[in-house]
Amino acid sequence: MTTFTRRALLGAAGATLAAPALVHGQTALPDRPIRIIVPYNAGGITDVISRGTAIGLQAALGQPVVVENRPGANGTIGTLAAARAPADGTTITMGITDTFAINRSTFPNLPYSDENDFAPISMVTRVPFALMVGAHRREITDFASFVREARREAGRLSHASWGVGSSSHLAFEFVARAQNFEKLHVPFAAQAPGMQAVTAGQVDSMMLPVGGANSLAVDNRARILALAHYRRIELTPNVPTMSEVGVPLTTGLWLALFAPARTPPAALARLNEAVREAVRHPQTVEVFRQQAGVGEPSTPAELAEFARREREQWGQLVREKNIRVEA
C-alpha cells in the first residue's frame, strides 16, 4: 500500500523534539510498568514484534514494559481495551494495518475510532508478505504451478487468513483477482492457527509475513512461492517477488504504537523518544531482522498522515470486493 519513505523516516529520526519533553522526559511517565496491549494471540507477528520492541523500550525507559495479549474479532477487542485505558502513557497498543486502516471499512459497527480514540506515538517497523503453500501440496513447486492448480480446482484450493477482511485475506484476494482464479477462504482467529492448519495439511496456502512463512520453510513444512515486496530480501534470497511472477503486488504489515487519546503531550514525546532508542537495541534489531523488518521510527504527525492514506487505499479495495464482517 502507501510507501513510508525511508528519507522521511531518517529525517524524522534526526528531528529535535520539543524542548520541554527533553528537559522533563524522565518524569513524563508515571513510575510503574508500561503495558503494550497486543490485540492478537501469542506467536503471531504482532506479538513477536511487540515483545522485541518491549525489550528496547524497557532499556530506554528504565522501567518494566510488559506485553498483554487481548485477542479477538480481528484485533478489535484488544484495540478497544487500549482505547478505554487510562490516558497517562502507561498503556499503549501495537496498532497494525488491520486495526488502524482496514477494520473501519470491514466492520459496520467498529467499537472504536482509530483517529479519535488514539494518539499516534511512532511507526515501529514494516514486514513484507509472502505467499506460502503447505508441503502436502507436492505438485505445487512454484507460483506458476500454484496458479495452474488453483484454476484447475476451480474454488477448491483453500487459503488461510487471520480473519475475514484482514490484510492477509485482502492481499490474497488481490492475487486471486490478478490471476483470475477462485479459491476457498478459511479464516482463523489469528496468524498462528492458520499457519498450523497449513502445516497439518488442513488448508493449502496462506499469505502472511515472510518471517512466519520462512520459519516453516526452513523445516520443509511449507514452501514460499513469492514475496509481496519490491525486491528480493536477505532472509529469503531465492524467493522471487510478486512482480517477477507477473503480479503487481507490494504489500505487507506495518506496526506502530498508539496511546489512548488525551494522553499528555509530554508522555507522548517521552514515548516517541524511547521508541527511537528502542529500535536500535541489539536484541530488538535481531527480532526485527528475523521477521525481515528494520526499525522505522517516525514523528506522531507522520504516523497520523501515513495511517490516513492507508485507510483510504485499503478502504477502496474493501469496497471493490464488497467485504464485510458480520456484527
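Strands here are DSSP runs of E, at least two residues long, and helices are runs of H or I, at least four, numbered from the N terminus. This is a predicted model, so I kept to its limits: local features need pLDDT of at least 70, side-chain atom pairs count only at pLDDT 80 or more, and totals for chains, interfaces and linings use all residues. Residue numbers start from 1 along each chain as its sequence is written, and side-chain values use heavy atoms, without hydrogens and water.

**Strand β3**

I checked the pairing with β9 (residues 252–260) and found four bridges, antiparallel. Two strands count as paired if DSSP finds at least two bridges between them. I then turned to β1 (residues 34–38), which runs parallel to β3 and is joined to it by three bridges. I36 has I92 as its bridge partner in β3.

Is β3 enclosed or open? Six of the six residues of β3 (residues 91–96) are buried, so the strand is largely enclosed by the rest of the structure. Buried means under 20% relative accessible area, exposed over 50%, and partly exposed in between, with a 1.4 Å probe and protein chains only. I sorted the residues by direction: T91, T93 and G95 point one way, and I92, M94 and I96 the other.

**The cavity**

I searched the whole structure and got one cavity of 30 Å³ or more. A cavity is a set of points on a 1 Å grid over the protein atoms alone where a 1.4 Å probe fits but cannot get out; lining residues have an atom within 4 Å of a point. The largest cavity holds about 70 Å³. That volume is the space filled by probe spheres set on the points, which are joined across faces, edges and corners.

I96 turned up again, in the lining of the largest cavity. Y40, G44, I45, T46, W162, A190, Q191 and L253 line it too. By class I noted six nonpolar, three polar and no charged residues. Ala, Val, Leu, Ile, Met, Phe, Trp, Tyr, Cys and Pro count as nonpolar, Asp, Glu, Lys and Arg as charged, and the others, Gly among them, as polar.

**Strand β5**

I moved on to β5 (residues 158–161). S158 and A160 point one way, H159 and S161 the other, and all are buried. β5 pairs with β6 (residues 184–187) in parallel over four bridges. S161 has P187 as its partner in β6. On β7 (residues 205–209) I found two bridges to β5, also parallel. H159 has S205 as its partner there.

How values were computed:
1 Å grid on protein atoms, 1.4 Å probe; cavity = no way out; pocket = protein on both sides within 12 Å on 5 of 7 lines; lining within 4 Å.
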